[in-house]
Amino acid sequence: MKFLVGDNPFHGISHLSQERSRARGDTIKSIDHDAQLVLTSLANGADGFMFSVSETTLSILEVLRKDYKAKDLPLYAIVPYAYEYVRLATQSGGILGLATHVARNIAFSGNIEAMATGAKGLIRMDVQSLLKTYLIYEISRIRSSIGKQGSLCSLMLHELITEITLSLDLDWLVRSFVDFMLKRGISPGFETRNFPLLVSKLRKWKIDLKQITIATPFNRVGFQMNPSKIDCEKTLAEIPESNVIAMSILAAGYLRIPEAVEYVRALPNLKGVVVGVSKESHAHETFRLLREKYGE
Amino acid sequence: MVENIKKVRTAVIGLGKMGLLHACILNVLPNVEVVAICDKSFMLRKFFQRVFRRVQFADDVADLAGLDLDAVYITTPIPSHFAVARSVFANGVAGNVFVEKTLASSYDEATKMIGLARHSKGTNMVGYMKRFGVTFAKAKEILSQEMLGELRSFDAYAYSSDFAVSDRRSKISGSRGGVLGDLGSHVIDLAFWFFGDLELTGGTLSSLTGSASEDEASFTVRGLNDIEGRFNISWCKAEYRMPEFGLIVQGTKGVLKVNDDEVHLESGQEKSKVLFRHDLGDNVDFLLGDPEYCREDECFVKSILRGERIEPDFLTASKVDYLIDEVKKKTAI
C-alpha cells in the first residue's frame, strides 16, 4: 500500500468551499513551507508525492532536490495543470491561443527531442506526435527540477484529458500514450472522475490494467464518484490486478481523517491513497493514522 | 410524448472550450449522435478531424443543411450568436437550438432570435448552467417554499481573476462579451430565476485599463414587492483563483447565502443550516468540467425528445440581455 502526499493545498484548492480556498491561498505563499510539508509527510509515513506539474510544484521539487536526504523519492505527476491551461485559453482567446503559448514554451525549452517530435507532429497535424512532444517536455521539466533525488513512477493524464479520451473513444491515442510511457519505464496513469467508464473502456481496448495507474475519488459520501458511489465500489472490487490510488478521501475537507481512513481501509484492491496536507500537524496526523490503520 | 427520434442528431458550431465540452458530453449521452462540427478556423478543423473521427466538419453553417440534424449547439463567441442563429434558422439546419450564454450581444438581437426560434417551433435553450447546480437549485427550492418570509433585498456577486493580470484585456474583453456578458450574466440569470422581473435603478460600469474594456460592474435593481438588489461583478479580482458566483438574500424571517459550493440558511429561531454539494446528490452519469453541464445537456435532449419547452429558453434568457443593455446604456465607462 502506497501513501502519497498530494499538492492541492499548495495551489489553494478546496472543492468544499472556494471561500476557504481563498482564505488558505492568502496564507500559503512560501514554496519552502510547502516543501517542508512534503518532507514532514515523508518523515511520518508518506511514500511519495503526487502533484500537478506547475511552476509551484516544480519549485517545490527543486527544494526537495536539496533537502530530501534519501534518494529516488517516488513521484506521481499529473499533466497538464488544467487550471493554468484553462486560464491561458481564456486570456489568449481560446484553444488556438493556448496551443500557440504551449508551442512557444516547448520551442524555448531547448529540448531537442521535444522540438523534433513537435515539428513532425505540426507538419503532419499528427495528434500522437503532438502528445508525445508535450509528454517529453513535461518529463524533462520534472527531471530537471528533482534531479537524481526523485524517481518518476507514474505520469498521469489530468482528468480533463482522460474524460475527453473516454467520451470520444480515443483508443488509438490512449494506446499510443501507454506504449510511449512504458518504453520510458514510467507507468502510464489516468486521473478520472468517471472510474467505471474508464475501466470499462480500458478493458474494451484491451489495455492491461496491471501496467497502468489510476487515481480516482473514493470517499464515504460518494463525492465526485460518478456515476455513483456504488458503481465505483463495484468496479474496484472487480479488478484486483489494477493499481488504483484513492484520492479525495476527505471529500475535499467534508470528512475528518479518521472516518475517511476507516472507509478506504475497508475497500478491496486499492493500491494507494493520496491526501493533501496544509499544516504540519495534518502531515503528522494523516500519515501516522494511515500507517496505523493499515497496520504498516 | 416522445417523438420517433432514436438519436438526436446534433452539430456543434464553434469549437472553443465550451464547444469541445458540450461535444464530449453529448457524445456520451445514450440518445445523442454528434454528426457534425462547424468552425471557421482551418487549423482547429484540421486538428479535430483527427480526434472526432466519424464526424463531418464544415466551415460554414449553411453547409450543415441537408445533414438531417435535429439540434445544433451554438458555442461561438457571444458577438456572433445572432448571425450564426440566423443562418441556422434561414438554412433550415435544425429546429432545436441551444445557445451558450449570453443569448446575444444585445437585447435587440435577442428579440430577433426569439422570433426566429418561434417560427421554427423547436425547443430552444440558453446555457445558463448555474441553474443546474445543486446548491442554486436548493436555494430556489427554499425561496419557493417562502422559508425566508417576505423578501427584502439581495446581494449578488460574480468574481474571477481571469483578467487580473493581462495585457490583452481590452481585446479579449470584447470577444467574450465584456464582464457583464461573460461573468455577470450567470448571477443576473439566477436573480431573475429567484426573484422574477427586475428593473435597473443605478450603477457603474468600469474599465480598469483605461480603454473601452468592461472589467467591473456595480449596479442596483428593484423587483417585485419592492425587493432591492445589488450586483457586484469583476474579472479582475486577483484573490479569486476560480470564478465565484453567489447571492445573499435577506427576508423578514431569515437570511440565505448560496454559492457554487454551499447553501447557508439562517431562519427564525432555528439553528443555522449549511448544506454542501456533498449533501445534495451531485453525481452525474458523466462528469466533464462541472456536473451542471451534464445535467444541462441531458435536460435539453430530453426536452427535444418529448417536444417540450425547457428553461431557460430564449425568451427567459433575453431578460438578461435586456438588463445588461440597460446597465451599458445608463452607466458610462
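Helices (H or I, at least four residues) and strands (E, at least two) are taken here as DSSP runs, numbered from the N terminus. The model is predicted: local features need pLDDT of at least 70, side-chain atom pairs count only at pLDDT 80 or more, and totals for chains, interfaces and linings use all residues. Residues are numbered from 1 along each chain as its sequence is written, with chains lettered from A and ligands numbered from 1 in the order in which they are written.

**Exercise 1. The barrel of chain A**

Task: state how many helices and strands chain A has, and in what order the strands close into a barrel.

Solution. 
1. Chain A has 13 helices and eight strands.
2. The eight strands close into a barrel in the order S1-S2-S3-S4-S5-S6-S7-S8, and the pairing is parallel. Two strands pair if DSSP finds at least two bridges between them.
3. Neighbouring strands of this sheet are turned by 30° against each other on average, direction ignored. Axes are lines fitted to C-alpha atoms, for helices over the stretch in contact, and angles run from 0 to 180 degrees between N-to-C directions.
4. One pair is S4 (residues 150-157) with S5 (residues 187-191) of chain A, parallel and joined by four bridges. In this pair Ser154(A) stands opposite Ser187(A).
5. Helix H9 (residues 171-183) of chain A lies across S4 and S5 and runs at about 135° to S5(A).

**Exercise 2. Helix H10**

Task: explain why H10(A) is described as largely enclosed, and list what its buried residues pack against.

Solution. 
1. H10(A) is largely enclosed by the rest of the structure because seven of its 10 residues are buried.
2. These buried residues are Phe195(A), Pro196(A), Leu197(A), Leu198(A), Val199(A), Lys201(A) and Leu202(A).
3. The buried residues of H10(A) pack against helix H8 (159-167), S5, S6 and H11 of chain A. Contact means that the C-beta atoms of two residues, placed from the backbone, lie within 7 Å.
4. The axes of H10 (residues 195-204) and H11 (residues 229-237) of chain A come within 8 Å and cross at roughly 35°.
5. Phe195(A), Pro196(A) and Val199(A) in H10(A) meet Asp231(A), Cys232(A) and Thr235(A) in H11(A).
6. By class, this contact has four nonpolar residues, one polar and one charged. Ala, Val, Leu, Ile, Met, Phe, Trp, Tyr, Cys and Pro count as nonpolar, Asp, Glu, Lys and Arg as charged, and the others, Gly among them, as polar.
7. Just after H10(A), Lys206(A) takes a positive phi of about 55°.

**Exercise 3. Backbone exceptions**

Task: locate Asn269(A) and Asp226(B), and find which peptide bond ending at Pro312(B) is cis.

Solution. 
1. Most residues other than glycine have a negative phi, and most peptide bonds are trans.
2. Asn269(A) has a positive phi near 75° and lies in the loop between H12 and strand S8 (270-276) of chain A. Asn269(A) counts as partly exposed because it has 14 C-beta neighbours inside 10 Å.
3. Asp226(B), with a positive phi of about 60°, is in the loop between strand S9 (216-223) and strand S10 (228-234) of chain B. Asp226(B) is exposed, since 10 other C-beta atoms lie within 10 Å.
4. The peptide bond from Glu311(B) to Pro312(B) is cis, with omega near 0°. Pro312(B) is in the loop between helix H8 (291-306) and helix H9 (314-330) of chain B.
5. The bond from Lys101(B) to Thr102(B) is also cis, with omega near -10°.

Terms used: Buried ≥ 20, exposed ≤ 12 C-beta atoms within 10 Å, placed from the backbone.
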